[in-house]
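Reader: I am new to this structure. Please show it to me, and then I will ask my questions.

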Amino acid sequence: MDDIYRFKKMAVIGIGLLGGSLARSAKRYGLVSEVSGCGRDEKRLEYALKNNIADSVTKDPCEAVRGADLIVICTPVRVIPDIMEKISSRLSPHAIVTDVGSTKTQVVAAAERILPPEVSFIGAHPMAGSEEAGVEASTDTLFENAICVLTSSNGTNLSALDRMDRFWKTLKARVMIMPPEEHDLLVASSSHLPHIAAVALVNCIENTAGAHEKVIPLLAGGFRDTTRIASGSSEMWRDIC
């Protein structure tokens, strides 16, 4: 791969399932020379360091982004603007900031409002995941054959968009590029609504079982298949909703 598509240092803010998998994959394919991991849980940060997922770890986002030319924010979407506010004055000139959030319109608008003009923001939504959570569940194959949507708006730096397009394609993801508003409309219907329906079904059965225990052995394979996606971070899904 041409050096223009490699990054010297990638800072992953929120090094959980997606952030950890991104760090593992980027290292596997030689896309980054160094990874700085940021998170809230001391034990998970130690796990990331011990297992060579990150080369350094910190609880301070400003420390994580020092010297980074690629910053990936992997937090619940309502936290992303706050992270941007914290790190905006610490970013290297010409760095690329991106995210993995499942909604894009408000995130892109916040980035265009908050980040310095010499810093590029490319909204990203890799449509990959697992019923498991945390950096311990991360893998270097999570994004293979998964759709990754990149957003493009009037303020998008096309050179940065090209770099992130190549980045995700190197991770074996299938890239789609579209405006953030279109992404939110289409993903709400195709991805978010099925999850909400599955959660509603699980809650319905839980309420029924409180009064009628016999419903539990009556649950068939269709219930399991329909509700498989109902598990997940309640904090993340609250923000998506």
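Reader: What percentage of the 241 residues in the protein is buried?

Author: First, the ground rules. This is a predicted model, where local features need pLDDT of at least 70 and side-chain atom pairs count only at pLDDT 80 or more, while totals for chains, interfaces and linings use all residues. Residues are numbered from 1 along each chain as its sequence is written, and side-chain values use heavy atoms, leaving out hydrogens and water. Buried means under 20% relative accessible area, with a 1.4 Å probe and protein chains only; of the 241 residues, the buried share is 46%.

Reader: How many helices and strands are there in the protein?

Author: Both are DSSP runs, numbered from the N terminus: helices (H or I) have at least four residues and strands (E) at least two. The protein has 9 helices and 9 strands.

Reader: Which residues of helix H4 are buried?

Author: Helix H4 covers residues 80-87. Its buried residues are Ile80, Ile83, Met84 and Ile87.

Reader: Why are they on the same side of H4?

Author: The arc is taken from the directions between the helix axis and the C-beta atoms. These residues lie on the same side of H4 because they cover an arc of only 100 degrees.

Reader: Which strands are included in what covers the buried residues of H4?

Author: Contact means heavy atoms within 4.5 Å. The cover includes helices H3 (61-64) and H5 (105-114). It also includes strands E1 (7-13), E4 (70-73), E5 (96-99) and E6 (120-122).

Conventions
Buried < 20%, exposed > 50% of the residue type's maximum accessible area, 1.4 Å probe, protein only.
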